[in-house]
Each structure stands twice: as structure tokens, then as C-alpha cells.
Amino acid sequence: MPHESRHKVTVAIIGAGMAGLSCADRLQTLGFQVQVYEKSRGPSGRMSTRHGEGWSADHGAQYFTARDPVFIEALNTWIKAGVAADWNPRLFVYEGEQWRESHSSERRYVGVPAMNSPGQYQAKTISIEINQTIDQIYQQDGKWFLRSLENGDITKSFDCLVLAIPAPQSYALTKLVDHSIETIYSSVNMQGCWTVMARFSEKVDMPFDAAFINGEIISWISRNNSKPGRTGHETWTIHANPQWSQQWIELDKEEARKLILESAKKLGLNCQNAEISIHRWRYASGAINTEMGFILNETNKLSLCGDWLNGGRVEGAWLSGYKLANAMNNFAETNL
Ligand SMILES: Cc1cc2nc3c(=O)[nH]c(=O)nc-3n(C[C@H](O)[C@H](O)[C@H](O)COP(=O)(O)OP(=O)(O)OC[C@H]3O[C@@H](n4cnc5c(N)ncnc54)[C@H](O)[C@@H]3O)c2cc1C
């Protein structure tokens, strides 16, 4: 089917993280009419950056890798546009209460000047309504209808609906409209992540820019200012490990902060004189065991994409959205 006739096919995408953005971008290229709804103030999802006065910190994804040629192609356009770059931190590993330098040759990339920059860049050409938390979806006479928490019923209706959100949030929306995916949700074990951001008035004397930590409450520490394009106060991001975070996800923020900072101090990062912010990620990581890539229900035209369907992580999320768009296009060729 030529692209012109596809202009009539309308698609709503819920979620403007990497998966939702790549799906939207690819569908538009293929000639679909796309509208994205995002509950927060901007795009990029868990690839995110917290900004304060004179400081910023990547508090979700810390870096990403690129292995698939299609994703590498997208990454190269971001690098060319100046919104992503290599990050070569002095990287240490803490294991068995010993420090060692990592000699991993893995190439690591980050958004520039902030982790959410590639998301913001992709969003420029996509129609996104922000501050719209979709809390109900239903299908009537073959069309999808949405309702948002903030604004009630959305007047437009759509031929196809894509959910590009974490599994537990996706389950909450689909449980009344599609039972065929329930068993898939139950195999996902999403884990939270307690994140502390510490701002210092001067450079901190540590032998590394980033470190993987084993056997402690903390699993990751990194100096944000070691990433390209970061200005402002010296800021460190500290992630508690997924198992500990999940076990203590309902902990009082003050208590979580205290325990994480004690662990950081033991590792040599004393945050006594730092200004501290803390963030609780309820759904940070997790994926189903078998990589399905995406889900496309050809009967009701409800689709799902996201990191949890494609191995987790930034690259998996982006590819999940991209592959879903291609599959929707193949389906449309013969059925719409
Ligand atoms: C602390 C942390 C550290 C991480 N570290 C790394 C790392 O180092 N490397 C790596 O590759 N990956 C890392 N990740 C994982 C990576 O961030 C994710 O795999 C990827 O960003 C997921 O993209 P996504 O589009 O699938 O989902 P998301 O980014 O979660 O996007 C979903 C979007 O949907 C929106 N949304 C949800 N519900 C609704 C609703 N009802 N209505 C409207 N909008 C809604 C959300 O606000 C969000 O913007 C990390 C994640 C966290 C949290």
C-alpha cells in the first residue's frame, strides 16, 4: 500500500519514553497519523535528568550501549545533532570488599548535555500532549477511546492504540479490555530503584568517575560532571541495588537516604556536606525472559512495546518501538 493511503490510519501512543518515541517516529515515517500522550512534564521517560539551581543529575539511565545496526544508525544521527556522545569514565569495580579498575572495552554513550537530550530531540517532530495521564482505554465500533486523569475524555478516537509504558502500568490499563496478555504480565518482575543525588560545592577527590558496586546496598556511583557537556556543581548519582530497593521500596525517604549515604561513606564518598535529593523509582528495571520484542494484537489493534518486552535497557526499548511500528505497517498493508 502506498504511504498516502496510510495517512488515514490514526494511532494513539501512551508514553513518550524511548519506546514510544521510536515507535511514533517510525510510524510517522511510514505515513501513519500519530498522537502521543505523556503523563509527565516532558518526554524521555526513565532516560531522565533532574535539574536544580546550578546543578543537574542523570537520575535514571546512566549510559547506554549500541549493538544493533538500526539503533547505531539512530545513535549516529543524535551524535551528529550534538545530543549524544561517547562517555569514557575512569571505571572501577568494588567486589569482595576490594577495589579494582575495570578494563571493559564496552563503548558507553550518554545524552548531551543531559540524558534526556536524545528523547527531547526525537520529540521535536512528534505531536505529544504532556501532563496527560491516561487512566482508561476502551474500544467502541472498532475505534479506541482514551480518558485522562487531568482532563477527562479525550475527544479524538483512534484506529490503533500503542501502550509504551512499563508492564505494571500497562496491566492496569489493559486488564479490563484484553485478557490475552495477562499471563505475559505475570512473568515480568519489575524492580524499583532508590536513587540519591548529592551536590558538592567543590570537586570530590575520588579515584574514579563511576563504579559498579557488589555486595553492598549501593550498586552504582557516578560523577555526573565526568559526562560530556555537563556544567554546574559537582554532582554524584548513587543507585541502590535492585533487590534492596525492591525490598525497601515503601521505606520512608529519610530512612532510605540515611542508609544509602552510610553505604556511600563506607565506600569513600562522604556526603556529609553535600545537598541531597532522593528519588524512588517504582519501576526501574525488569524484562520478560523470552524477548518477544513487542505485542501486536491484530484483532483489536492494541499493541504493546517497551524495554520490558525486549531485554530491558535503552537500546531494547528503542528497538521495541521501532520493530512494532514496522509490524503495524506490515499489518496495515493487507488489513487497513
Ligand atoms: C535508575 C535507573 C537506572 C537505569 N540505568 C540504565 C542504564 O545505565 N542503561 C540502560 O540502557 N538502561 C538503564 N535503565 C533502563 C532504561 O532507562 C529503560 O530501559 C528505558 O529508558 C525504558 O524506556 P521505555 O520507553 O520502555 O519506558 P519509559 O522510559 O518508562 O517510558 C514510559 C513513559 O510512559 C509514561 N507513562 C506511564 N504511564 C502513563 C500513563 N498512564 N499515561 C501517560 N503516560 C504514561 C511515563 O511517564 C514515561 O515517560 C535504567 C533505569 C532506571 C530507572
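Modeller: Residues are numbered from 1 along each chain as its sequence is written, and side-chain values use heavy atoms, with hydrogens and water left out. As the model is predicted, local features need pLDDT of at least 70 and side-chain atom pairs pLDDT 80 or more, while totals for chains, interfaces and linings use all residues.

Colleague: Which residues of α8 are buried?

Modeller: Buried means under 20% relative accessible area and exposed over 50%, with partly exposed in between (1.4 Å probe, protein chains only). In α8 the buried residues are A256, I260, L261, S263 and A264. They share one side of α8, because their arc around the axis is only 155°, taken from the directions from the helix axis to the C-beta atoms. On the face turned away from that side, α8 carries the exposed residues E254 and K265.

Colleague: What covers the buried residues of α8?

Modeller: Contact means heavy atoms within 4.5 Å. The cover includes β14 (191-200), β16 (218-223), β17 (234-240), α7 (242-247) and β18 (275-285).

Colleague: And the domains: how much area do domain 1 and domain 2 bury between them?

Modeller: Buried area is the accessible area (1.4 Å probe) that two parts lose on being put together, summed over both. Here domain 1 and domain 2 bury about 1,800 Å², 70% of it on carbon and sulfur atoms. R46, M47 and E315 supply 37% of the area that domain 1 buries against domain 2, more than any other three residues.

Terms used. Helices (H or I, at least four residues) and strands (E, at least two) are DSSP runs, numbered from the N terminus.
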